[in-house]
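Biologist: Could you walk me through this one? I'd like to talk about charged side chains and how they pair up.

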Amino acid sequence: MTQTTLLQYEAPWPVHALDWCKSTAPGHQSRPRSAFRLGIASFSEDYRNRIAIVGLQDERVLVEDDYTDYPDFVTLVEANHGYPATNLQWQPASASGFSWTGKAPAAELLATTGDALRVWEYFGDAPAASSAYVGRQPSGAGHRLTLKTALSGQSKVQSQSTGPPLTSFSWNEKAPSLVVTSSIDTTCTVWNIDTSTAITQLIAHDREGSTDIFVSVGADGSLRAFDLRSLEHSTILYETPAPKSGPPAASASSRLPTSPLLRIAFNPADSNYMSTFHMDGQDVQILDMRSPGQPVIELRGHRAQVNAMGWSTTDRPTLATAGDDCQVLLWDLATYTQTATSPRTANSRLNSPRPDVKKRVVTDPIMAYSASSEVTNLAWSPQIPGMTMNTGHSTAPGEWLAIASGKSIKALKV
């Protein structure tokens, strides 16, 4: 039986934010369809944006390439979002074992940012034991997506009573009640979404981290690390080099204007390594927290600006990048990142440097996919185990990569 390597979905609106569910739904651990759910959000320049959860219409599309009676993905449920969502994420896998005080056991959480941090509860369909269908499912049957809370704090640096728009956020995988948001006023706020309270707000400038350390990037072209145990200081891990030529600086001590850094992503297999890229930049920089100051690796393969990137969840460090050149590139960085043992532990701070490493330029991705138009976002699935369906067919284990291109979403088997 042929294994499917491409799944497709056509949204009714341009897709911006995108994320793959991190775990199977409660009561559905043995159902392949439960692992193939995506959260998506629209982008339109008005107050009529939507978020939606899409899933497989029929599990048989995973093993039958010629099964074309129904679309691969269908909309399970959707909701109004108002302004566009700048980011959307499913709860981390650790959330299923966390002791929540305000979440229903059958609910899964999603979060979005825009004019506020919104936390949503998603209730899927009934467990397989009580389900009346075998494969195909009526769209939207038994699915609910409801707004649980909207969090917006007053800015430290602006006088308005409502919080400034949020540019992004990161969900703490080890402590899933903690979320760090970043806003256009250069501040980052740490929220406890279980109690709907702000723990702290600090002036930084976009997001991410472990239990105690998170990293942000911003329009000033710097990448900074913060330790929640010592918020008085931040460590500048990387600053965009000043242009060799340009308008003169206002004073001898001021820096020339630099290119903003847009996104940052940690390698889940080794959090010493992270990736970032510049606004309008075609290259991706790989940084090592133990060797601050300059990238240890630079990826050069795109022919237009990079829009998105994401690390695989496998132990082998694999990074996917996508851009306006309609290309999705996969980079195997094992040769470059596993030459030194990480000295950092869960309780260590940013005080374990390694000797400076000369930057290596990588120009050959291990895989490339050409889309029909610019690729604006991507999301990895977790490792999905092989499963046996009730038809007797078996699915192969592995990872999938979802990419957004206009209104189209494609899921590629990696």
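Biologist: How many salt bridges does the count come to?
Modeller: Keep in mind that this is a predicted model. To count, a side-chain nitrogen of Lys or Arg has to sit within 4 Å of a carboxyl oxygen of Asp or Glu. By this rule, the number of salt bridges is 11.

Biologist: Take the salt bridge between Asp 58 and Arg 60. Which of the two counts as buried, and which as partly exposed?
Modeller: Their side chains meet at 2.9 Å, N to O. Arg 60 has 25%, so it counts as partly exposed.

Biologist: Arg 316 forms a salt bridge with Asp 332. How many residues apart in sequence are the parts this pair ties together?
Modeller: The closest N and O atoms of Arg 316 and Asp 332 are 2.8 Å apart. Arg 316 lies in the loop between β21 and β22, while Asp 332 is in strand β23, so the pair ties together parts whose separation in sequence is 16 residues.

Biologist: Which residues are linked with Asp 283 in a network of salt bridges?
Modeller: Here the salt bridges join up into a network. Besides Asp 283, its members are Glu 298, Arg 300 and Lys 359.

Biologist: What about cysteines: how many disulfides does a search of the whole structure find?
Modeller: A disulfide needs two cysteine sulfur atoms within 2.5 Å. Cys 188 is buried at 0% relative accessibility, and Cys 326 is buried at 18%. Still, the number of disulfides found in the whole structure is zero.

Definitions and conventions: Residues numbered from 1 in each chain as written. Predicted model: local features only at pLDDT ≥ 70, side-chain atom pairs only at ≥ 80, totals over all residues. Heavy atoms only, no water. Buried < 20%, exposed > 50% of the residue type's maximum accessible area, 1.4 Å probe, protein only. Helix = DSSP H or I, 4+ residues; strand = E, 2+ residues; numbered from the N terminus.
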